[in-house]
Structures are given as C-alpha cells and as structure tokens.
Amino acid sequence: MSETKDHWNRVYSTKPADTVSWYQTRPTVSLELIAAANLPAHAPIIDVGGGASVLVDHLLESGRSDISVLDISAAALANARARLGADAGKVRWIEADVREFAPPQHCDLWHDRAVFHFLTDTADRAAYMAALRRSLNPRGHVVVATFAPDGPKRCSGLDIAQYDAAALHVQFGSDFELLDSRRETHVTPGGSEQRFTWVHLRLRRRAPTD
C-alpha cells in the first residue's frame with residue numbers, strides 16, 4: 001500500500017492540480033447528488049479521495065459546516081489546504097488509505113468520485129466496503145462515480161474496473177437502495193472525453209428484530 005501512496009504523492013507533486021485528467025472546475029454532478037440527499041447544513045460529509053478537488057470549496061460556499069476530505073496523498077491535501085487559505089481550518093483533513101480507514105466520526109454522506117474503480121482486487125473492495133460501513137450513519141447516503149463500460153480502462157497509469165449502474169449497485173449490496181443513477185461525459189483539461197457512471201445509494205432501514 002505504500003506503493004499506492006508513493007504513486008499519488010508523485011502525481012500531485014509533479015503535476016499542477018488543474019492539469020490532471022480528473023480535474024473539474026465545477027463538480028456539477030457531485031453537487032447535484034449531494035443536494036438531492038436533502039441533508040441539513042451541519043450533516044457530516046466525507047469526500048473520499050478528495051485530493052486537490054474543488055468540491056470542498058463549493059461545499060463550504062453552500063454553507064456546509066462539517067466536511068472531511070480523505071486522501072492517501074499528503075501532497076494532494078496540502079494543495080487543497082493551500083488553495084483554501086484561511087478556510088482550510090473549517091475542514092477536517094485526513095491522510096489515509098481508505099482500505100485502512102478508521103473514521104474519527106460517523107458521516108451522513110460518503111462521496112467518492114473515482115476511487116472505487118481503482119480497486120481491482122476483491123480483497124481491496126472488501127476493505128473499502130468495511131471502511132464505508134464503519135463510517136456511515138444509519139440511513140446514510142453514498143454518492144459514487146466510476147468509469148463506465150465505455151470509459152477508459154486505465155487512469156494515471158493504473159488499471160481500473162468499469163461499471164454500469166446495476167453492476168456498481170451490486171458491489172455495495174442489497175442493504176443499499178438505489179435512489180438515482182447517471183452517466184456523465186467528463187471533458188479532461190486536455191480535451192479528451194471520459195464516460196462515468198454515478199450512483200446515489202442509501203443504507204436501508206434494518207428490519208426490526210424480536
């Protein structure tokens with residue numbers, strides 16, 4: 001796992017954040033699906049693999065007051081903190097590998113744009129799901145994006161797994177209900193098109209026990 005950390009630190013140390021293929025000036029679909037969860041402004045939200053993404057900027061601008069950003073790369077988090085300046089103190093920054101994540105608090109919404117599709121190994125996906133379940137409050141929301149079946153097969157020199165909405169929902173299990181799914185065509189800073197699959201899930205109510 002140290003190889004993964006080294007890889008992403010190298011990426012964020014050698015490339016400007018607004019030139020990497022996954023950069024967005026405005027993360028429109030993320031913001032729309034987070035808004036659709038209809039959570040109060042103080043509800044805890046975590047952006048998994050948030051790195052140097054500007055999602056946190058927009059969440060702060062919208063009045064969100066309990067935001068965590070998790071990333072394996074210290075360089076990525078440093079980039080985001082520097083960009084936010086004084087506002088960085090309003091965010092909980094977590095340097096961790098999601099597969100080993102021990103949450104300091106529970107969250108009402110787990111957001112992940114393009115981390116899960118890097119987990120091509122069954123054990124890694126299981127570790128991710130365990131971290132998610134440790135983190136999520138009852139009836140919590142999950143907003144996740146991966147490359148679609150007609151999207152790229154590799155990213156940043158690494159293999160990925162592609163999903164349509166049904167296959168992605170299956171990965172999370174039947175105790176999550178599918179509230180919404182979308183396809184997105186992301187145009188990279190270099191002008192290429194990448195197709196994404198999005199799902200918005202919610203943890204089902206547990207059946208009462210006698």
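1. In this predicted model, T188 sits in the loop that connects β8 and β9. Despite its place in a loop, T188 counts as buried, because its relative accessibility is 8% and the cut-off for buried is under 20%. Leaving out residues up to four places away in sequence, T188 touches S21 and Q194.

2. Helix α2 covers residues 28-36, and its buried residues are V29, S30, L31, L33 and I34. The buried residues of α2 pack against β1, α3 (55-61), β4, β5 (136-147), β8 (176-187) and β9. After α2 comes N38, which has a positive phi, near 55°.

3. Which residues have the most contacts inside the largest nonpolar core? They are V56 and W93, in a core of 39 residues. Two or more residues of this core come from each of α1, α2, α3, β2, α4 (74-84), β3 (91-95), β5 and β9. Another core lies apart from it and has 28 residues, including W110, A131, L132 and Y163.

4. V56 deserves a separate look. Neighbours within four places in sequence aside, V56 is in contact with I67, V69, R83, L84, V91 and W93.

5. The largest pocket has a volume of about 850 Å³. Its lining is made up of 45 residues, and W8, G49, A114, V115 and F118 are those that lie nearest the centre. By class, 24 of the lining residues are nonpolar, 12 are polar and 9 are charged.

6. Where in the chain does the lining of the largest pocket come from? At least two residues each are supplied by α1 (2-14), β1 (45-48), β2 (67-71), β4 (107-113), β7 (158-159) and β9 (193-203). The largest share, 5 residues, is from α1.

7. On the cysteines: C107 counts as buried because its relative accessibility is 4%. C155 counts as buried as well, because its value is 7%. In general, a disulfide is a covalent bond between the sulfur atoms of two cysteines. With a cut-off of 2.5 Å between cysteine sulfur atoms, the count for this model is 0 disulfides.

Notes: Residues numbered from 1 in each chain as written. Predicted model: local features only at pLDDT ≥ 70, side-chain atom pairs only at ≥ 80, totals over all residues. Heavy atoms only, no water. 1 Å grid on protein atoms, 1.4 Å probe; cavity = no way out; pocket = protein on both sides within 12 Å on 5 of 7 lines; lining within 4 Å. Points joined across faces, edges and corners; volume = space filled by probe spheres on them. Helix = DSSP H or I, 4+ residues; strand = E, 2+ residues; numbered from the N terminus. Nonpolar A, V, L, I, M, F, W, Y, C, P; charged D, E, K, R; others polar. Buried < 20%, exposed > 50% of the residue type's maximum accessible area, 1.4 Å probe, protein only. Contact = heavy atoms within 4.5 Å. Core = buried A, V, L, I, M, F, W, Y, C linked by side-chain atoms within 4.5 Å.
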